[in-house]
Amino acid sequence: EFDKDYVASLVSIRNMDEATLNSMEMPFSTINSCGVEVSLSSKHKTITIDNRDLYLNVSLNYRLHEFDQITQWLISGMARVIPYPYISLFTGAELETMVCGCPDIPVKRLRAIATYKGVDPNSMLIGWFWDIMEEFSNAERSLFLRFVWGRTRLPQTVADYRGRDFVIQVLDKHSDPDKWLPESYTCFFLLKLPRYTSKFVLRNKLKYAIHFCRSIDTDDYARVALQDDGLPSDDDESVYSDNPENCGYMRCGGT
């Protein structure tokens, strides 16, 4: 977006007539990516019809090479870990995948490292859960991963998990499980689910959790009072109540 506006401003200056350009008295400077004004010449103070072409070339050149030094520092730092000739063997996309993980989140891989507590892996609830994960878009799976693990991508291979399992624990402590939200402990890659009575309820609760619980470092971040339809009440004074009888409790991070 910044580059789009930047180019548009240069095009506007290029197309100005002489009278308009002179009347505006624009400084011979540009705005960098941090929003700071940078002078582009010690000789020219304002943009005129005579130095306009020079200004456009200097401005564009500055923008194209603004991060050259920072990029060089980054390359030098990476070369201390991986020899530079080896880095050059990979494309940018391949290197990103190796460092950050794959942006696509295959449910099959997540399922392969799942373990279960308090529930049979072949139970209806677990079946609903994996069906919902398959139905989620990749963006929703990314949100789910952030909710349960504090990250938005999976490691590239199962071996990269280094023994870390995705744990699904089902709780039987709630007398009315459909009024409660899931809990997650990101430190332990742990999801705690009430024993929901239908796939519809499970889907709604998961979607609420992944979209509205965005903190992974504050316990009790999202206590909400739920209506009969499972949605938060906008005008309910108990929306931040500590009373567990009228609150769905969503834990966003481990203790």
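Axes are lines fitted to C-alpha atoms, for helices over the stretch in contact, and angles run from 0 to 180 degrees between N-to-C directions. The exercises below concern a predicted model.

**Exercise 1. Determine how helix 9 is oriented relative to helix 10, and describe the contact.**

Step 1. Helix 9 covers residues 138-149, and its axis lies 8 Å from that of helix 10. The angle at which the two helices pack is about 75°.

Step 2. Angles of 65 to 115 degrees count as roughly perpendicular. Helix 9 is therefore roughly perpendicular to helix 10.

Step 3. Helix 9 contributes Glu140, Leu143, Phe144, Arg146 and Phe147 to the contact. From helix 10 come Leu206, Lys207, Ala209, Ile210 and His211.

Step 4. Sorted by class, the residues of this contact comprise six nonpolar, one polar and three charged.

**Exercise 2. Classify the packing of helix 8 against helix 10, and state the handedness of the crossing.**

Step 1. Helix 8 spans residues 124-135 and helix 10 spans residues 199-212. Their axes are 10 Å apart, and the packing angle is about 55°.

Step 2. On the side of helix 8, the contact involves Leu125, Trp128, Phe129, Asp131, Ile132 and Glu135. Helix 10 supplies Lys199, Leu202, Arg203 and Leu206.

Step 3. The residues of this contact divide into six nonpolar and four charged, with no polar ones.

**Exercise 3. Locate Asp17, and decide whether Asp17 is buried, partly exposed or exposed.**

Step 1. Asp17 occupies the loop between helix 1 (2-15) and helix 2 (18-24).

Step 2. Buried requires under 20% relative accessible area, and exposed requires over 50%. Asp17 has a relative accessibility of 44%, so Asp17 counts as partly exposed.

Step 3. Ile49 is 32 residues from Asp17 in sequence, while the C-alpha to C-alpha distance between them is 8.3 Å.

**Exercise 4. Summarise the protein as a whole in terms of secondary structure, burial, contacts and surface.**

Step 1. The secondary structure consists of ten helices and eight strands.

Step 2. The protein has 255 residues, and 40% of them count as buried.

Step 3. Consider the contacts between residues at least 6 apart in sequence: 61% of these join residues at least 24 apart.

Step 4. The accessible surface amounts to about 15,300 Å², and carbon and sulfur atoms account for 53% of this area.

Conventions: Residues numbered from 1 in each chain as written. Predicted model: local features only at pLDDT ≥ 70, side-chain atom pairs only at ≥ 80, totals over all residues. Heavy atoms only, no water. Helix = DSSP H or I, 4+ residues; strand = E, 2+ residues; numbered from the N terminus. Buried < 20%, exposed > 50% of the residue type's maximum accessible area, 1.4 Å probe, protein only. Contact = heavy atoms within 4.5 Å. Areas by Shrake-Rupley, 256 points an atom, 1.4 Å probe, with all protein chains shown as cover. Parallel < 35°, antiparallel > 145°, perpendicular 65-115°, else oblique. Left-handed = near helix turned anticlockwise from the far one by under 90°. Nonpolar A, V, L, I, M, F, W, Y, C, P; charged D, E, K, R; others polar.
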